[in-house]
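Reader: I am new to this structure and would like to go through it in questions and answers. Please show it first.

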Amino acid sequence: MRSRRSCLAVPGSNPRFLEKAQTLPADEVFLDLEDSVAPLAKEEARKNIVSALREGDWSGKVRVVRVNDLTTQWTYRDVIEVVEGAGEFLDCVMLPKVQDPTQVIWLDTLLTQIERTMGFEAGRIGIEAQIENARGLVNADAIAGSSPRLETLVFGPADFMASINMRTLVVGEQPPGYTEGDAYHYILMRLLMAARTHDLQVIDGPYLQIKDVEGYRRVARRAAALGFDGKWVLHPSQVEAANEVFSPSQDDFDHAELILEAYEYYTTVERRGAVMLGDEMIDEASRKMALVVSAKGRAAGMTRTTTFTPGA
Ligand code: GLV
Ligand code: MG
């Protein structure tokens with residue numbers, strides 16, 4: 001499992017940001033050709049991205065390039081130029097504003113052709129699909145199942161709010177006048193269900209008030225609590241917050257590891273299925289919950305601080 005707690009947006013038109021991003025402790029970087037790059041700067045940005053991927057030090061990070069969406073004239077050249085130029089140094093292509101499965105299939109086919117032409121390993125480059133409007137959300141299940149290359153669904157709240165006419169200009173915050181519940185709940189849950197149905201990760205999008213780190217944490221915690229794997233970060237100040245919010249706490253990680261070890265011991269050595277661990281009854285379902293927390297913690301590089309003693 002790739003850790004994607006913090007996914008850093010880096011405008012491809014800005015060589016200084018492309019340098020700086022390499023020094024930040026983000027789990028993923030996505031070098032952008034889409035909305036953070038002006039139309040007249042797109043060609044230059046493709047070149048910057050190819051050299052940054054080839055020459056930069058991105059070790060420990062998932063390397064992603066976001067191309068332009070399929071309603072523009074840029075997408076095919078984005079993919080061909082970047083993947084032919086730096087395909088060996090790239091983990092995923094992010095396709096924004098995905099509306100139906102055929103768009104992902106188009107990208108999958110193009111990647112396959114480029115891999116063959118260039119002699120790259122077949123099928124290694126993954127796809128991240130951004131869901132950013134009502135049509136994309138309604139088709140989320142079909143999109144999530146449309147290609148074995150898919151690794152994540154990604155929520156694009158800014159475009160999404162605009163597309164449904166939600167009355168807010170502050171991305172991630174509740175629209176004024178809506179006092180009951182969470183206006184984003186349905187969308188987040190819908191994406192989570194579609195992603196998990198196909199064993200994909202699911203990532204929350206940006207929080208644009210970059211000075212308000214507490215606001216970032218509040219919004220990130222909501223997505224993390226539901227089960228999201230990570231969130232975009234637009235600024236160095238958000239990276240640490242994302243890594244913290246989307247990692248299990250040390251207590252939860254230790255507890256999960258303890259459950260796994262205890263359950264293994266009781267079910268094999270003692271051949272018992274439902275057993276007591278301290279005051280808690282654990283069974284096969286507890287093991288599954290513990291596996292999730294343990295996998296997230298391990299992917300984040302955590303180590304346990306407790307040991308299991310049978311019968312204790
Ligand atoms: C991101 O692309 C967004 O639209 O929020
Ligand atoms: Mg967007």
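Reader: Which residues does Glu132 touch, not counting residues up to four places away in sequence?

Author: This is a predicted model, in which local features need pLDDT of at least 70 and side-chain atom pairs count only at pLDDT 80 or more, while totals for chains, interfaces and linings use all residues. Residues are numbered from 1 along each chain as its sequence is written, chains are lettered from A and ligands numbered from 1 in the order in which they are written, and side-chain values use heavy atoms, with hydrogens and water left out. Contact means heavy atoms within 4.5 Å. With residues up to four places away in sequence left out, Glu132 touches Pro96, Lys97, Gly156, Asp159, Phe160 and Ser163.

Reader: Where is Glu132 found, and is Glu132 buried or exposed?

Author: Glu132 lies in the loop between strand 5 (126-131) and helix 5 (134-138); helices (H or I, at least four residues) and strands (E, at least two) are DSSP runs, numbered from the N terminus. Buried means under 20% relative accessible area, exposed over 50%, and partly exposed in between (1.4 Å probe, protein chains only). At a relative accessible area of 3%, Glu132 is buried.

Reader: Which residues does the UniProt annotation "binding site" cover together with Glu132?

Author: UniProt positions are given in the numbering used here, feature names are shortened, and annotations may be inferred rather than shown by experiment. In the unreviewed entry, one "binding site" annotation covers Glu132 and Asp159. These two span 28 residues in sequence, yet no two of their C-alpha atoms are more than 5.4 Å apart, so they gather at one spot.

Reader: Is Arg66 buried or exposed, and what is its relative accessible area?

Author: Arg66 has its place in strand 3 (residues 62-66). Among the residues that Arg66 touches, beyond those up to four places away in sequence, are Asp32, Glu34, Asp35, Pro96 and Trp232. Arg66 is buried, with a relative accessible area of 6%.

Reader: Which elements do the buried residues of helix 10 pack against?

Author: Helix 10 covers residues 236-245, and its buried residues are Gln238, Val239, Ala241, Ala242, Asn243 and Val245. These buried residues of helix 10 pack against strand 1 (6-11), helix 9 (213-226) and strand 8 (230-233).

Reader: What is the relative accessible area of Gly12?

Author: Gly12 is found in the loop between strand 1 and helix 1 (15-20). Leaving aside neighbours within four places in sequence, Gly12 is in contact with Leu18, Asp32, Val37, Ala45, Asn48 and Ile49. Gly12 is buried, and its relative accessible area is 0%.

Reader: How many helices and strands does the chain have, and what is its radius of gyration?

Author: The secondary structure of the chain comes to 12 helices and 10 strands.
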